[in-house]
Amino acid sequence: MTAPSVQGGEDLEQLLSAVLDPVMAAIESAASSYSDAEAEAMAAAADIAALPGAPPPRAPPTGLASPKARTFAMNNIDALSVALLAAPPSSEAAVAPRLEALAAAREAHFEAAVQAEIEAVMEGTGLAGAFAAAQGMMSGGDKLDAGGAACELPHIAAGLEKLYAVFTVGGGGGGGGEESGGTTFPSFGYMRVDARKGARARLARALAAEYEALYLSVATTYGREGQQALQRTPDDVRVILGV
């Protein structure tokens with residue numbers, strides 16, 4: 001006795017819900033509980049080898065804070081999408097909304113992975129606080145000199161040296177090592193090849209925009225001294241990053 005075929009309509013929608021909803025829940029659950037054993041072991045070894053009194057190494061991100069977890073989710077969503085694309089044309093009415101939902105879920109994970117790498121670069125250069133204060137200033141908030149130690153010009157100048165090195169390594173919207181480490185331009189080596197170029201380009205555009213806000217804020221707040229610390233104009237950075 002053969003199983004009845006499902007041609008489309010309400011029956012197919014119910015079948016898709018019965019199959020896809022639990023699978024998507026399992027993907028999200030697995031990504032949320034993700035941990036990178038290799039990165040954790042490296043951080044533990046670095047902690048053991050650190051000099052007395054040195055700050056402990058930053059723990060690798062886990063769960064959805066990890067761009068690798070986001071990529072795991074993206075890859076599985078892609079596999080589901082490929083399976084749905086093989087459905088016959090008669091099922092389009094039921095399949096199309098599911099494909100749109102999968103595309104939206106994938107984009108959310110992709111954007112989060114890129115944002116995590118942006119934050120890693122900002123923290124690695126020591127400029128996270130200055131970038132945040134610059135965005136606030138651009139929105140009508142206080143000048144940078146009201147932002148505390150993280151926004152003092154010597155601190156910003158030191159961070160800019162690291163940031164310019166990141167830009168140089170990332171010239172053209174790519175480059176860098178397999179891991180960002182917070183101080184190099186992320187290569188997104190953990191992503192599939194077809195996704196890396198888009199991720200690098202999106203990160204380059206975001207960093208260029210963040211830098212422009214910081215550049216204007218430093219120049220406005222600190223005048224000539226600020227200008228001396230700013231070795232690259234926003235246009236220079238856009239050219240370097242290829243955006």
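User: Let's start with Tyr215. Is Tyr215 buried or exposed?
Analyst: Tyr215 counts as buried, because its relative accessibility is 13% and the cut-off for buried is under 20%. Keep in mind that this is a predicted model.

User: And Tyr211, buried or exposed?
Analyst: Tyr211 counts as buried too, at 0% relative accessibility.

User: Where do Tyr211 and Tyr215 lie?
Analyst: Both are in helix H7, which covers residues 193–229. They are four residues apart, or about one turn of the helix.

User: How many aromatic pairs are there?
Analyst: Taking ring centres within 6.5 Å as a pair, the count comes to four aromatic pairs. In the pair formed by Tyr211 and Tyr215, the ring centres are 6.0 Å apart and the planes are at 50 degrees, so this pair is tilted.

User: Why give both a distance and an angle?
Analyst: Because a pair of aromatic rings is described by the distance of the centres together with the angle of the planes.

User: Which residues do the ring pairs link into a cluster?
Analyst: The cluster consists of Tyr164, Phe167, Tyr211 and Tyr215.

User: Stepping back, what is the secondary structure of the chain?
Analyst: The protein chain has eight helices and zero strands. Along the sequence, that reads as α-α-α-α-α-α-α-α.

User: How much of the chain is buried?
Analyst: Of the 243 residues in the protein chain, 36% are buried. The accessible surface is about 12,800 Å², and carbon and sulfur atoms account for 58% of that surface.

User: Helix packing next. At what angle do H4 and H6 pack?
Analyst: Helix H4 (residues 92–125) and helix H6 (residues 153–169) pack at about 140 degrees, and their axes are 8 Å apart. That makes H4 oblique to H6.

User: Which residues in H4 and H6 meet?
Analyst: On the H4 side they are Val121, Gly124 and Thr125, and on the H6 side Gly159, Lys162, Leu163 and Val166. By type, the residues of this contact divide into three nonpolar, three polar and one charged.

User: Staying in H4, is His109 buried or exposed?
Analyst: His109, a residue of helix H4, counts as buried at 3% relative accessibility.

User: What is His109 in contact with?
Analyst: Setting aside neighbours within four places in sequence, His109 is in contact with Glu28, Leu64, Arg70, Ala73, Met74 and Ile77.

User: On to H3. Where does Leu85 lie, and is Leu85 buried or exposed?
Analyst: Leu85 lies in helix H3, which covers residues 67–85. Leu85 counts as exposed, because its relative accessibility is 60% and exposed means over 50%.

User: How far apart are Leu85 and Ala96?
Analyst: Leu85 and Ala96 are 11 residues apart in sequence, and their C-alpha atoms are 9.0 Å apart in space.

User: And Thr71, buried or exposed?
Analyst: Thr71 is found in helix H3 as well. Thr71 is buried, with a relative accessible area of 3%. Not counting residues up to four places away in sequence, Thr71 touches Tyr190 and Met191.

User: Back to H7. Is Ser217 buried or exposed?
Analyst: Ser217 lies in helix H7 and is buried, with a relative accessible area of 0%.

User: Which residues does Ser217 touch?
Analyst: Leaving out residues up to four places away in sequence, Ser217 touches Ala134, Met137, Met138 and Leu144.

User: Last one: how exposed is Gly198?
Analyst: Gly198 is found in helix H7 and is partly exposed, with a relative accessible area of 34%. Gly198 and Phe110 are 88 residues apart in sequence and 9.6 Å apart in space, C-alpha to C-alpha.

Technical notes:
Residues numbered from 1 in each chain as written. Predicted model: local features only at pLDDT ≥ 70, side-chain atom pairs only at ≥ 80, totals over all residues. Heavy atoms only, no water. Phe/Tyr/Trp six-rings, centres within 6.5 Å; stacked < 30°, edge-to-face > 60°. Helix = DSSP H or I, 4+ residues; strand = E, 2+ residues; numbered from the N terminus. Buried < 20%, exposed > 50% of the residue type's maximum accessible area, 1.4 Å probe, protein only. Axes fitted to C-alpha atoms, helices over the stretch in contact; angles between N-to-C directions. Parallel < 35°, antiparallel > 145°, perpendicular 65-115°, else oblique. Contact = heavy atoms within 4.5 Å. Nonpolar A, V, L, I, M, F, W, Y, C, P; charged D, E, K, R; others polar. Areas by Shrake-Rupley, 256 points an atom, 1.4 Å probe, with all protein chains shown as cover.
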